[in-house]
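Subject: Structure for you to look at

Hello,

Here is the structure I said I would pass on. My notes on it follow below.

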Amino acid sequence: MRYHFDFGWLIEYLPVLLKGIRITVQLILIGAVLGVALGTACAWARALGPKWLKPVVATYVELIRNTPFLIQLFFVFFGLPSLGIKMSELTAANLAMVVNLGAYSCEIIRAGIQATPRGQFEAGASLAMSPFQTFWYVVLVPALQRIWPALSSQVVIVMLGSAVVSQIAAEDLTFAANFIQSRTFRAFETYIVSTLIYLALAILLRQLLAGLGWMLFPRKASR
Amino acid sequence: MTQFTFWDILRNLLLAARWTVLLSLVSFTGGGIVGAALLFLRIGSRRGIRLLSRGYIQLFQGTPLLMQLFLAFFGLGLFGIDVPAWLAACVALILWTAAFLAEIWRGCVESIAKGQWEASASLGMGYLQQMRYVILPQALKVAVPPTVGFSVQVVKGTALTSIIGFVELSKAGSIVTNATFQPFTVYGLVALIYFALCWPLSKSSQLLERKLNVAHRNH
C-alpha cells in the first residue's frame, strides 16, 4: 500500500469547517443551558415535587436514558411531524439535545439534592425563607457545587454525541466533514482533522466548565 | 402498493434487533479483553507506557464515537483491506468500549486501600500475585455495578453503526420507515425495543450497587 496523505484541501474548505464548528458550538451552548435548566426542574420534581408529578418525570428520565440519542433525534425530526409538529433541522437537533441532557442532568442534580441533610430545609424555613428561596439558596446551589464535575462530564458527552445530528442534515461539524469528504474523496484526512477538532472542542469545553465552576462557587474554591 | 401491518413492522424490527444484540455482545466482550490489557498498562510501573495508555483513553473518550466509526470504516481501507461495515463497527466499538472500561476499572483498582498493596508486598508477593490474589478480588466487587451500567452505553452505541451502513435495529428502523411512511410508529417501536434491552441492564446495575454497596464498607 502506498497512500499519499494530502491535506491541501484544508485551505479551500476552511470556511466550511469553520461554519460547522460554529453550528456545533451553538448547538451545545443552547443545549447545555436549556438542558441543565430542564434537568434542574425535573430534579426538583423528582425530589421535592408533587406526588403525581414524580412518576411522570421518572418515566421520562428512564425512557431517555435507555434509548440511543440517534433514535430520539429521528423520533423528533421524522416522527413528530406526523402529529403536526414540524420544525427545522437545527431546532429538532437542539430540542433532542435539550431533552437528552435534561434527563441525564436530572439524575445527576437529584443525587446532589438528596445529599442535602434534612435539617437544611428546616434551617431555611426558620430563617423565614419561602420554600422556593430555601430550594434555590440552601438546596440547589450547594447541590450544583457538589455535582459540578459530573455535570460537566455529561455536557461534554452530549457535545460529542451531537455529531449524530448531521444525520438529519443539521449542518454541524460532522455534516461539514461529510460534505468535504464527498467533494474531495479524502475521507481519512477529513475525518482525522474533524476528529482532532472535536477533541480540541472537548478539552476547551471542559476547561470552560471548570472555569465557570470556579466563578459560580467561589466559596468552595477559596477554601 | 403493499400494505404493511403492525405485525410486519414489529417482526422486521425484532429480526434486526438480533444484530444489535450480537454486536453489543461482541463489542462488550472484545472491549472487556482489550480494556483489561489496557488497565494493566495504565496502572503498570513503566511511566512511558502509562502515559501512552492514558493518551489512548483520553483520545477515545474525547472524540465522538461516530468519528471513530468513520475513521475505522475509511481508515482500514487505506491498508488495502476491503472493509465491510460490520468489521469497522466491531473494531471501532471494541476500541471505544476498551477505553471506557479501562478507565472505570482503574478507578476500582485505585479505590483499594494502599495498605493492601503494602501488606501483600510484605508477604513477598510479586506484582502479578498481588493483583491476582489481593487487589483484583476486591476491586472486582466494586467494578460490577459500573461495568453493568456501562453495558447500556454499549448497546446504545451500536445504534451509530447504522450510519456507516450496518443493518441493525436503527438502520432497520430507517428502512422500514422508508417503506411504510409511518415514522412515528416505527421509531416509537425502535425506541421501545432499545428500552427493553437497556432498562433491565440499568436496573440491575442499580440493584447491584445497592446490594454490593462496597464503596462504603471497604475502609
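Two residues are in contact here if their C-beta atoms, placed from the backbone, lie within 7 Å. This is a predicted model, in which local features need pLDDT of at least 70 and side-chain atom pairs count only at pLDDT 80 or more, while totals for chains, interfaces and linings use all residues. Residues are numbered from 1 along each chain as its sequence is written, chains are lettered from A, and ligands are numbered from 1, in the order in which they are written.

Chain B overall

Helices (H or I, at least four residues) and strands (E, at least two) are DSSP runs, numbered from the N terminus. Chain B has eight helices and zero strands, and its pattern along the sequence is α-α-α-α-α-α-α-α. Along the principal axes, its C-alpha atoms fill a box of roughly 80 × 45 × 25 Å. Among contacts in chain B with a separation of 6 or more, 77% join residues 24 or more positions apart.

A residue is buried if 20 or more other C-beta atoms lie within 10 Å of its own, exposed if 12 or fewer, and partly exposed in between. Of the 219 residues of chain B, 41% are buried.

The core

A nonpolar core is a set of buried Ala, Val, Leu, Ile, Met, Phe, Trp, Tyr and Cys residues joined through C-beta atoms within 7 Å. The largest has 120 residues, and Leu73(A), Leu69(B) and Val190(B) have the most contacts inside it. H4(B) supplies the largest share of this core, 17 residues. Neighbours within four places in sequence aside, Leu69(B) is in contact with Ala88(B), Ala89(B), Ala92(B), Leu160(B), Thr161(B), Ile163(B) and Ile164(B).

Where the chains meet

The contact between the chains takes 32 residues from chain A and 31 residues from chain B. On the chain B side, the elements that give two or more residues are H3 (65-75), H6 (127-157), H7 (169-180) and H8 (183-212). H8(B) gives the most, with eleven residues. By class, the chain B side has 22 nonpolar, eight polar and one charged; Ala, Val, Leu, Ile, Met, Phe, Trp, Tyr, Cys and Pro count as nonpolar, Asp, Glu, Lys and Arg as charged, and the others, Gly among them, as polar.

Regards
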